[in-house]
Amino acid sequence: MKVDEREIAAALGAGSSAAGRAACPEPEALARLAAGELAEGGREELLTHVSSCAPCARELQALAPMASWLEAQRARRARPAVWRVALPLAASLLLALSGVLLLRSGPRTARPALRGPSRPAPRVVPGDGVSLPAAPEALSWPSSTEAVSYRVTLFHPDGTTLWQSPVSPIAEVRLPDDVKARLSGVVYWRYLSRSPADEASSPVFRFTVQR
Amino acid sequence: MTERSSSEERLRELLEAHGAFLHRTVLKLCSGRLRSHAADVEQEVRVRLWRAVESAREISDPASYIYRTAATAAIDAVRRLEARPDADGGSEAEARLADVAGAEVSPERAALRRELFETVMEALMRIPESRRRPVRLHLLGFTSLEVARLMGASEPKARSLIYRGLSDLRVALRAMGVDLEG
């Protein structure tokens, strides 16, 4: 019988997948292995498992790009001593300069901890940061020509999910009565736009319900 | 300042400094079918960071910590997806395997594959132990650089172990009546 590496790989994948995942290591252990953070003993034990478990091997492969990134970061941190002095100095100067600029631009409201990276925020209703006497009846946002459906998630300030809407084809969701009854204090929310090719998350918005 | 508001402040600072990195990391980790769950994974990472900050855990290298937390959350999400029962009561992984079997692998082919698996496993046991693992990782799709990183070895050494291991495997398979081409 003649075979090539591809057929052997398929056979190994299918054979090891059939064994089930009860003995698979915790995700954290795989992440540490990919990041090169395991001592030799632990690494050997995990590699023995991964080299005979196709699902774990796939999970580990998915982490490979980030492992390369971390390696580059570590190499950057190990740069010559002159940079260790010069860079913080340059950073301090920049910070001082930005501090002056900030003072000149007046007071700012702190960005809530659960918000994502800065980007232009779309206009939403209720407006971002508003304070309301009662829970809003609905949430709405600008519709996108590419989006085919939307989904909204409400969060508590500590990041736990308060409510998730059903998938909706329109850029508005009405809040059910039982959800409105639970809204009090600061509420964070965002919507997910799904297009045939992609899915994008909005920035996180905030409103406050004063009861 | 209360303990809770102090934690909120620490989390805010952590996310101000590393929020964009967290977002990019999650997007990179959530490829393929996990892509549509990227927002949920990102939210899960934020919750885990919040718990870490609240428990006053020392985070000495935030980027590494965020990466590891994101990687863990992404793998958790993949495993949840695989284990989630579908509408017919089976798991998504089983459904996918059944799709693949129905579309591409006939019962005869599946039986041959099973037979080949057992033959290769036996042949692998006949090659030197130091080369067995690199060869298996190579056959599972890892590049020589990735094998080197995982084993804590240099890339030329990993490449050499794979090359020699494949050569050993070829000899062992031939003795069992299987010709490994290439």
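Two residues are in contact here if their C-beta atoms, placed from the backbone, lie within 7 Å. On that basis, residues 24 or more positions apart account for 63% of the contacts in chain A with a separation of 6 or more. The structure is a predicted model, in which local features need pLDDT of at least 70 and side-chain atom pairs count only at pLDDT 80 or more, while totals for chains, interfaces and linings use all residues. Residues are numbered from 1 along each chain as its sequence is written, and chains are lettered from A, with ligands numbered from 1, in the order in which they are written.

## The two chains

Helices (H or I, at least four residues) and strands (E, at least two) are DSSP runs, numbered from the N terminus. Chain A comprises seven helices and nine strands. In chain B there are eight helices and one strand, arranged along the sequence as α-α-α-α-α-α-α-α-β.

A residue is buried if 20 or more other C-beta atoms lie within 10 Å of its own, exposed if 12 or fewer, and partly exposed in between, with C-beta atoms placed from the backbone. By this criterion, 27% of the 211 residues of chain A count as buried; for chain B, the figure is 35% of 182 residues. Among contacts in chain B between residues at least 6 apart in sequence, 57% join residues at least 24 apart.

## The interface

In the interface, 50 residues of chain B are in contact with 50 residues of chain A. On the chain B side, at least two residues each are supplied by α1 (3-29), α2 (38-54), α3, α5 (107-125), α6 (129-139), α7 (144-151) and β1 (179-180). The largest share, eleven residues, comes from α1(B). Residues are classed as nonpolar (Ala, Val, Leu, Ile, Met, Phe, Trp, Tyr, Cys and Pro), charged (Asp, Glu, Lys and Arg) or polar (the others, Gly among them). The side of chain B that touches chain A divides into 23 nonpolar, eleven polar and 16 charged residues.

Strands also take part in joining the chains. Two strands pair if DSSP finds at least two bridges between them; β1(A) (residues 2-3) and β1(B) run parallel and are joined by two bridges. The bridge partner of K2(A) in β1(B) is D179(B).

## Helix α2 of chain A

Seven of the eight residues of α2(A) are buried, so this helix is largely enclosed by the rest of the structure. The buried residues are P27(A), A29(A), L30(A), A31(A), R32(A), L33(A) and A34(A). After the helix comes G36(A), whose phi is positive, near 70°.

Axes are lines fitted to C-alpha atoms, for helices over the stretch in contact, and angles run from 0 to 180 degrees between N-to-C directions. Helix α2(A) (residues 27-34) packs against α3(B) (residues 62-83) at an angle of about 135°, with the axes 8 Å apart. That angle makes α2(A) oblique to α3(B), since angles under 35 degrees count as roughly parallel, over 145 as roughly antiparallel, 65 to 115 as roughly perpendicular and the rest as oblique. The crossing is right-handed; a crossing is so called if the near helix is turned clockwise from the far one by less than a right angle, and left-handed if anticlockwise. From α2(A), the contact involves P27(A), E28(A), L30(A), A31(A), R32(A) and A34(A), and from α3(B) it involves R68(B), A71(B), T72(B), I75(B) and D76(B). These residues divide into six nonpolar, one polar and four charged.

Within chain A, the axes of α2(A) and α4(A) (residues 54-62) come within 9 Å and cross at roughly 50°. That makes α2(A) oblique to α4(A), and this crossing is also right-handed. L30(A), L33(A) and A34(A) of α2(A) meet C56(A), E59(A) and L60(A) of α4(A). The contact has five nonpolar residues, no polar residue and one charged residue.

V50(A) lies in α3(A) (residues 40-50) and counts as buried, with 27 C-beta neighbours inside 10 Å. Neighbours within four places in sequence aside, V50(A) is in contact with C56(A), A57(A) and L60(A). V50(A) and P25(A), 25 residues apart in sequence, are 8.9 Å apart, C-alpha to C-alpha.

| Strand paired with β4(A) | Bridges | Direction |
|---|---|---|
| β7(A), residues 185-194 | seven bridges | antiparallel |
| β5(A), residues 161-164 | three bridges | antiparallel |

V152(A) stands opposite Y191(A) in β7(A), and F155(A) stands opposite T161(A) in β5(A).
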